[in-house]
Amino acid sequence: MKGSNKPYAVRHDEQLDDLMEDYRDEQAEAEGEDTQPLRLFKLPLGAVEKRIPKAAMAPQAEGAASRATNAPDGEYFERLEEQGIRLNTAQIKAVRHHNGPLLTLAGAGSGKTSVLVCRTGYLLAVRQAEASSILLMTFSTKAAAEMRERIAQLPGIGGMAAKRIEARTFHSFFLYMLRRNGVREEIFGETIRQHILLKQFMREAGISDSQQPETLLALLSSYKMNLVDPAELPEKSEAERKTKEVLLRYEAWKRENGKLDFDDILLVAYEMLKERPGLLRSLQQRFRYVMVDEFQDTNFLQYELVKMIVEPHRNLMVVGDDDQTIYSFNGARSEFILDFEKTYPGAKVITLDINYRSTSAIVGLGNAIIRHNKKRRDKTLKATKQSETVPQYMTPFNTNDEAVRALRYIQQEVAEDRRTYGDFAILYRANSNNRAIIEQLLEQDVPFVEFGDGKLLYEQRIVRPVIDHMRLALYRRDFEAMESVLPTLYIAREKGMTFIRQQDALRAKKGPLIHLLSWPELKEFQKEKVKERLLLIKSLVAMKPVDAIVQLRRSFYDNYLETAEKQNVTQHKEMLVEMLDELETSAGRFDTLEAFLGFIDDMLEKSGEHARQKHEDNGNYVTLMTIHRSKGLEFPVVLLLGASEGSLPHSSSLDPERMKDSQLHLQGAVAQLGDDALEEERRLAYVAVTRAKEELVISSPAQYRRKKTAVSRFLLAAFGSAETAKTAAKEFKRGGALSGVRVAPSSMSGGVRAAQEGRKETVAAWLCKRPGCKAWMRVTTAEDAARSTKACPLCGKPMEKGTREVPAG
Ligand code: ATP
Ligand code: MG
């Protein structure tokens with residue numbers, strides 16, 4: 001199962017400048033052929049430094065420090081060791097901690113969760129604590145389940161005792177408490193429903209054009225999670241007054257209809273504990289030991305609740321990593337970590353800086369990525385596992401190509417018996433990034449479990465109308481497709497369909513949508529719109545699917561999404577656009593509507609079948625999830641997809657203007673502008689990289705959303721100067737650039753230039769001749785040197801051969 005010594009041809013090539021061209025040739029040759037050896041590289045495309053970052057190894061002694069046989073608790077640690085858990089000195093200190101507050105601050109994979117689990121075992125086995133006196137708060141249901149499992153396997157802990165330990169998420173723990181205390185309200189947790197309701201109130205207040213429901217809900221949530229009454233929302237301007245009115249109405253609606261949303265669970269619990277000192281006291285007496293995992297992502301109210309429970313005894317142990325705060329849009333406040341000792345004077349602080357999860361090259365890459373964040377506690381993780389392999393990189397053309405390559409990698413590893421499917425996790429920034437990879441998995445019948453909404457892109461409500469227009473172009477009597485077209489004409493779905501069906505029963509038409517023209521309920525201008533649409537649909541027949549989508553978007557759909565008041569699904573605009581761009585990327589592979597629609601139907605069928613099979617049963621499946629969901633988890637092999645500008649960092653964090661509508665400033669609860677947003681994106685990259693135990697493959701498509709883009713600045717910065725990364729970002733905004741292309745140093749800051757003014761050497765290079773374009777590329781191969789010209793990857797104009805001075809080495 002080890003990943004060394006790969007028989008497939010991994011080309012560890014440091015001459016990267018010509019990579020894109022090579023890829024293009026390769027793809028032309030390999031049309032329809034999937035035996036092509038997969039090429040992975042030791043450096044990301046565009047790396048300036050050619051050195052692979054590796055973390056320093058932790059001193060050997062650390063690993064053996066847990067031998068404390070003579071101590072009264074020696075037996076416990078010995079038995080842990082028998083299970084392969086050989087704790088180091090700092091970890092043992094944390095595990096032995098008995099009373100009082102303790103903060104364990106540590107980097108990724110340094111055993112924070114392990115320490116919580118082992119301490120739980122220690123309390124039970126050595127301190128003879130009651131299982132029911134331990135409360136462990138985790139972040140996700142999956143994490144809670146894993147923790148319970150790990151506790152049950154500890155030495156000397158019976159299954160029964162493990163069951164009596166409360167290891168839960170905040171929401172599940174407090175919901176349970178509410179239910180036991182007579183709260184019967186239904187949970188109103190589905191985002192779509194919340195949006196529909198809020199949108200209705202927004203329409204009635206006349207603000208549905210200017211605001212997004214998710215923005216308002218986030219505003220409301222940040223008030224509530226900071227214990228500020230929404231009645232205190234500002235009302236200085238008319239807009240503020242209306243916003244407030246809508247939000248208060250939303251709150252009142254929930255109350256009147258007996259519903260609680262997730263925030264309400266915590267809030268009602270808080271109020272209940274304030275009002276019922278007896279209840280609080282019973283919790284305080286019962287839970288003598290409280291522990292919180294992923295403390296960096298705790299919000300104000302969650303922290304308040306914990307503080308109340310531990311108040312009399314202060315037996316609170318928290319573990320966290322400020323570099324892994326990835327929920328600040330949900331109100332997570334990493335400063336709680338930094339202020340812990342102020343809140344709990346005399347608190348013990350233990351730092352763990354040895355990573356036990358990953359090989360030194362993976363830890364090294366994590367270190368190299370995260371050190372560029374400014375707002376952080378400085379720490380550099382050491383490693384315990386020597387690297388047999390190093391992280392590998394690829395730069396496929398686009399997401400389709402990426403998926404094919406990723407799957408080929410997985411299949412090869414499994415075919416050669418080095419890995420099983422269960423070893424792989426595929427991570428990505430947003431759910432909309434998984435379209436191509438899911439298609440590949442379905443097509444190749446590879447078992448996988450996606451931890452998301454389980455819907456294909458083609459099933460998303462925002463995407464369906466576009467596909468249905470194409471369906472109608474080919475199959476004019478597709479009534480189902482007609483149904484989803486109606487709302488885009490601002491015609492009520494049910495009423496419209498009833499009319500069409502009635503008319504068609506009387507006088508069947510080849511294209512029943514035309515009946516709308518005789519509907520008395522429609523005004524003249526609406527009939528005009530219907531006519532236009534019929535013509536548009538007809539014109540699609542002869543188009544390539546991608547052109548048809550572009551045409552539909554351009555003529556009305558983008559506009560419709562932007563303004564549609566009656567639109568039910570409202571998500572962040574950026575995400576909507578992203579889904580449609582992804583639809584275009586998918587369509588780009590097909591020449592006819594028929595082929596594309598046939599493919600979609602095939603995928604829908606396969607996905608339906610897939611949903612019916614239960615891969616969870618034997619555990620041998622590829623895991624797919626967003627980076628957010630992967631927090632705290634680990635996998636032997638991680639494939640990180642979409643590590644390109646625009647995707648990671650996500651485009652929404654690159655353009656503060658576009659993010660304006662989702663920005664809230666409230667007591668520092670949600671401050672996600674500019675650098676803050678970028679720092680959070682970098683933490684996401686860090687979390688993704690540090691999930692891998694043995695192998696890591698990072699893919700940076702050269703095209704994202706059908707535009708050229710560069711390798712993620714986070715990778716480039718890890719392999720060179722921050723300036724390179726900045727250039728890449730600028731190019732992305734300008735419409736994209738290929739990495740591997742250099743930009744002349746006149747655009748560099750003085751400091752960087754000065755740093756580079758050491759030893760120099762002269763190299764052969766292609767120089768762009770267009771005035772103003774500063775691109776150049778090194779001439780690296782003999783074939784390259786033999787060419788007389790070459791197109792500039794930045795501006796497309798011809799490049800000429802010349803020379804350049806570059807830093808030596
Ligand atoms: P994250 O930051 O991702 O939440 P973490 O700090 O919680 O990570 P764990 O998940 O507890 O880290 O541990 C990472 C891996 O290292 C696990 O596989 C765990 O079993 C292993 N591990 C932790 N401590 C030790 C140790 N002292 N010796 C050997 N393995 C260890
Ligand atoms: Mg953890």
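Me: What should I know about the model and its numbering before we start?
Reply: It is a predicted model in which local features need pLDDT of at least 70 and side-chain atom pairs count only at pLDDT 80 or more, while totals for chains, interfaces and linings use all residues. Residues are numbered from 1 along each chain as its sequence is written, chains are lettered from A and ligands numbered from 1 in the order in which they are written, and side-chain values use heavy atoms, with hydrogens and water left out.

Me: Which residues come nearest to ligand 1?
Reply: Of the 20 residues around ligand 1, these are Arg 86, Lys 112, Ser 114, Glu 634 and Arg 691; a residue counts as near if one of its heavy atoms lies within 4 Å.

Me: And the make-up of that shell by class?
Reply: The shell has three nonpolar, 10 polar and seven charged residues. In this scheme Ala, Val, Leu, Ile, Met, Phe, Trp, Tyr, Cys and Pro count as nonpolar, Asp, Glu, Lys and Arg as charged, and the others, Gly among them, as polar.

Me: Which element gives the most to the shell?
Reply: H5 does, with three residues. Helix H5 (112–125) and strand S9 (354–359) each supply at least two; helices (H or I, at least four residues) and strands (E, at least two) are DSSP runs, numbered from the N terminus.

Me: Why is ligand 1 said to lie between two domains?
Reply: Domain 1 (12–48 + 390–447 + 613–801) and domain 2 (64–182 + 267–352) both give residues to its shell, so ligand 1 lies between them. The bounds come from an automatic or database domain assignment.

Me: How far is Ser 114 from the ligand?
Reply: A polar side-chain atom of Ser 114 is 2.5 Å from an oxygen atom of ligand 1. For Lys 112, the distance from a side-chain N or O atom to a ligand oxygen is 2.6 Å, and for a polar side-chain atom of Gln 324 it is 2.8 Å. The protein buries 87% of the 630 Å² that ligand 1 exposes when taken alone, by the Shrake-Rupley method with a 1.4 Å probe.

Me: Changing topic, where is the cis peptide bond?
Reply: It joins Leu 648 and Pro 649, with omega about 5°. Pro 649 lies in the loop between strand S15 (635–640) and helix H26 (651–654).

Me: What is the phi of Gln 128?
Reply: Gln 128 has a positive phi of about 55°, although it is not a glycine. Its place is in the loop between H5 and strand S2 (134–138).

Note on methods:
Polar contact = N/O pair within 3.5 Å; in protein donor to acceptor, adjacent residues only side chain to side chain.
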